[in-house]
Amino acid sequence: MASSAEYLEYVLDLLADVPEVSHRKMMGEYLLYASGKLFGGVYDDRFLVKSTESSRALLATNAVPYEGAAEMLLVDVEGKAAVRTIVEGVLQELPEPRKRRA
């Protein structure tokens, strides 16, 4: 099941306080980036973030975005400040994105 554009807009509204957020549509779902780092996505109208030490400390529900994928964590909070805290923690633990070849 593909995610709806309306749910994506809801998630982007929650992420309004996170700097440099962008998204990319991929096979009916949406990948979420901040400062060039892939930190999560919208899968089947669920907002999921990568599992890191900080996200595991703040979120409890594991979810698999699609068959064969690594487990991620379901963002089940609605406050912009709480979402920013979660995403900033994840971003600090992710490696810098690789430079693309020209």
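The legends below describe close-up views of a predicted model.

Local features are given only at pLDDT of at least 70 and side-chain atom pairs only at pLDDT 80 or more, whereas totals for chains, interfaces and linings use all residues. Residues are numbered from 1 along each chain as its sequence is written, and side-chain values use heavy atoms, without hydrogens and water.

**View 1. The largest pocket and its lining.** The largest pocket holds about 350 Å³ of space. A pocket is an open set of points on a 1 Å grid over the protein atoms alone, where a 1.4 Å probe fits and protein lies on both sides within 12 Å along at least five of seven lines; lining residues have an atom within 4 Å of a point. Of the 14 lining residues, Met 26, Leu 31, Tyr 43, Pro 65 and Tyr 66 lie nearest the centre. Two or more lining residues come from each of strand E2 (29-34) and strand E3 (37-43), strands being DSSP runs of E with at least two residues, numbered from the N terminus. E3 gives the largest share, 3 residues.

View 2. Strand E4 covers residues 46-50 and pairs with E3 in the antiparallel sense over 4 bridges; pairing requires at least two bridges found by DSSP. Tyr 43 stands opposite Arg 46 in E4. Between the two strands of the hairpin are 2 residues, and Asp 44 in the turn has a positive phi of about 50°.

**View 3. The pairing of E4 and E6.** E4 also pairs with strand E6 (residues 72-74), in the antiparallel sense and over 3 bridges. Here Leu 48 stands opposite Leu 74 in E6.

Key
Points joined across faces, edges and corners; volume = space filled by probe spheres on them.
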